[in-house]
Amino acid sequence: MDDSGSLSDQDYEEEKNFVSQLANGFNNFGPNGIQMSALRFSYRVELSVPFNKHRDKAGFMQAVKAMPKKGE
């Protein structure tokens, strides 16, 4: 996800909503099924939500929605 300073707060929220909606489209989410990760980037890359961190779709979606915008 783009986390650069040139991105507005509203655009960042739209990015997080898109990632959550993408995850919501999968039914077999979890340790033995679909796994997702979230990366943020500006001038460097940060692993914000690693694989295997959340055991279900709801936990992953909540983690994405809780990611603060750093705007670096």
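This is a predicted model: local features need pLDDT of at least 70, side-chain atom pairs count only at pLDDT 80 or more; totals for chains, interfaces and linings use all residues.
**Exercise 1. Find which residues A23 is in contact with, leaving aside its neighbours within four places in sequence.**

Solution. Contact means heavy atoms within 4.5 Å. With neighbours within four places in sequence left aside, A23 is in contact with F29, M36, K57, F60 and M61.

Residues are numbered from 1 along each chain as its sequence is written, and side-chain values use heavy atoms, with hydrogens and water left out.

**Exercise 2. Work out how α1 and α2 are oriented to each other.**

Solution. Start with the elements: helices are DSSP runs of H or I with at least four residues, strands are runs of E with at least two, and both are numbered from the N terminus. Next, the geometry: α1 and α2 pack at an angle of about 175°, and their axes are 9 Å apart. Here axes are lines fitted to C-alpha atoms, for helices over the stretch in contact, and angles run from 0 to 180 degrees between N-to-C directions. Angles under 35 degrees count as roughly parallel, over 145 as roughly antiparallel, 65 to 115 as roughly perpendicular and the rest as oblique. The two helices, α1 and α2, are therefore roughly antiparallel. Finally, the contact: α1 brings K16, N17, V19, S20, A23 and N24, while α2 brings K57, F60, M61, V64 and K65.

**Exercise 3. Describe the aromatic pair of F29 and F60.**

Solution. Rings of Phe, Tyr and Trp (its six-membered ring) pair if their centres lie within 6.5 Å; planes under 30 degrees apart count as stacked, over 60 as edge-to-face and the rest as tilted. By this rule there is one aromatic pair. F29 and F60 sit 5.7 Å centre to centre with 45° between the planes, a tilted pair. F29 lies in the loop between α1 (9-24) and β1 (38-41), F60 in helix α2 (residues 57-65), 31 residues apart. Both F29 and F60 are buried (under 20% relative accessible area; exposed is over 50%, partly exposed in between, with a 1.4 Å probe and protein chains only).
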